[in-house]
Amino acid sequence: MTKFNPYATSNAVLKGLGPTNGVRRIGDLVAMPLRAELPNRCVKCNREAHEPTPTRRLYWYPAWCYLFILVPLLLILVILATYKDAYIRPGLCRDHKRNRIEAITTAWVGVFVAITVPFMFADTGYLWPAVWFSIALLLGVIVCALRRGRLVYATRLDRREVWLAGCGEDFLDSLPGN
Ligand SMILES: [Zn+2]
């Protein structure tokens with residue numbers, strides 16, 4: 001029989017800070033202390049992560065930066081002055097790693113086609129339709145890349161914690177929290 005140990009960490013503390021080092025679920029988000037490690041699972045489906053899991057740098061800047069969206073130079077300066085960053089290691093299983101590489105490759109092919117097409121039609125009467133096609137293609141590429149290629153992104157970042165969006169339901173379910 002185990003003896004009572006008055007110095008043992010209480011279960012209540014372990015629940016919040018023990019096995020997951022303070023990594024927890026808040027709704028659809030994952031909150032984690034900056035020095036914590038994410039569980040070594042796929043952040044999309046919670047299967048075992050396929051090694052290696054590279055460290056990724058996440059950026060965050062306040063939403064009010066977009067007030068300057070019509071003045072791109074000012075927007076860039078405000079973002080540079082206010083951004084914060086964090087280094088995290090979000091795992092991916094073999095399938096989700098492959099999906100992401102496919103999405104990124106497809107996006108680059110799309111960008112290449114979008115840049116090339118107007119040049120192909122430069123000396124024809126179809127230049128402007130080609131330009132509109134390229135703009136539509138670029139917008140489509142951006143939307144697809146964000147939906148399929150984006151791993152996780154920071155919705156909040158301060159000196160102690162980062163909040164991550166983009167994790168799958170199974171991974172969220174495996175974390176303590178609500
Ligand atoms: Zn997965």
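**View 1. Phe-171 counts as buried, with 22 C-beta neighbours inside 10 Å.** The cut-off for a buried residue is 20 or more other C-beta atoms within 10 Å, so the count of 22 around Phe-171 puts this residue in the buried class. Please keep in mind that this is a predicted model. Phe-171 sits in helix α5, which covers residues 169–173.

View 2. Leaving aside residues up to four places away in sequence, the contacts of Phe-171 are Arg-41, Cys-42, Val-43, Lys-44 and Asn-46.

**View 3. Strand β6 has a covered face and an uncovered one.** Follow the strand through residues 161–165 and you will find Val-162 and Leu-164 on the covered face. Glu-161, Trp-163 and Ala-165 make up the uncovered face.

**View 4. Strand β6 pairs with β5 and is also joined to β2.** Strand β5 (residues 153–157) runs antiparallel to β6, with four bridges between them. These two strands, β5 and β6, form a hairpin, and three residues lie between them. Strand β2 (residues 29–33) is likewise antiparallel to β6 and joined to it by four bridges.

**View 5. Here is a closer look at Leu-164 of β6, a bridge partner of Val-30 and of Ala-154.** Leu-164 belongs to the covered face of β6, together with Val-162. Which residue of β6 is the bridge partner of Val-30? That partner is Leu-164, and Ala-154 has its β6 bridge partner in Leu-164 too.

Conventions. Residues numbered from 1 in each chain as written. Predicted model: local features only at pLDDT ≥ 70, side-chain atom pairs only at ≥ 80, totals over all residues. Buried ≥ 20, exposed ≤ 12 C-beta atoms within 10 Å, placed from the backbone. Contact = placed C-beta atoms within 7 Å. Pairing = 2+ DSSP bridges.
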